[in-house]
Amino acid sequence: MTRRKRRALIWMGSVFCIIVTAAVIFIATLDWNKAKPYITAAVTRATGRHFSINGDLKVDLGWISRVSASQIQFENASWSKHPQMAEVGLFDVQIDIWELLSKFRLVLPAVTISQPRVILEKSADGAANWEFRAAPAVTEPVPEKRTEFPVIQKLTI
């Protein structure tokens, strides 16, 4: 290998390492709370009811990634006496990224739900508060049979 090629490879390797290091630092220091408006808007749009994350949204990335959100509220049907259909103090889920990438299988090593309060009810005319308006059309075809479920290894409520 010539000296010129060696220098080019060293420079390319150095630039690659700097870019990877910068990306890792950026993701590690990212304020995930800035994603809350997008998440709440998507859920609100899909269900037709107001959804909010009033506490912190935290994401720890790794082979076993962890996502946690606190003080979650989901609006009840307009005919209900109770303003919230669901309230959760803390929702914490771990996601096995290795299983997801290697086997295309969603494995959740641990799911923790703290201080849940869920009100399921029906109106006088038989409408259930867990029935939502139709979500907007999805561009991808939805399978008729859904046989794949996430594997939850530990569920704590």
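This is a predicted model: local features need pLDDT of at least 70, side-chain atom pairs count only at pLDDT 80 or more; totals for chains, interfaces and linings use all residues.

Colleague: Which residues make the nonpolar surface patch of about 630 Å²?

Modeller: Residues are numbered from 1 along each chain as its sequence is written, and side-chain values use heavy atoms, without hydrogens and water. Patch members have over 30% relative accessible area (Shrake-Rupley method, 1.4 Å probe, only the protein chains shown as cover) and no salt bridge (a Lys or Arg side-chain nitrogen within 4 Å of an Asp or Glu carboxyl oxygen), and nonpolar side chains (Val, Leu, Ile, Met, Phe, Trp, Tyr) are joined within 5 Å. The patch is made by Trp63, Ile64, Trp98, Leu100, Leu101 and Leu106.

Colleague: Is Leu101 buried or exposed?

Modeller: Leu101 is found in helix α3; helices are DSSP runs of H or I with at least four residues, strands runs of E with at least two, numbered from the N terminus. Buried means under 20% relative accessible area, exposed over 50%, and partly exposed in between. Because its relative accessible area is 56%, Leu101 is exposed.

Colleague: What kind of aromatic pair do Trp63 and Trp98 form?

Modeller: Rings of Phe, Tyr and Trp (its six-membered ring) pair if their centres lie within 6.5 Å; planes under 30 degrees apart are stacked, over 60 edge-to-face, the rest tilted. Here the centres are 5.2 Å apart with 85° between the planes, so the pair is edge-to-face.

Conventions. Patches are made of residues with over 30% relative accessible area and no salt bridge: like charges are joined within 9 Å, nonpolar side chains (Val, Leu, Ile, Met, Phe, Trp, Tyr) within 5 Å. Buried means under 20% relative accessible area, exposed over 50%, partly exposed in between (1.4 Å probe, protein chains only).
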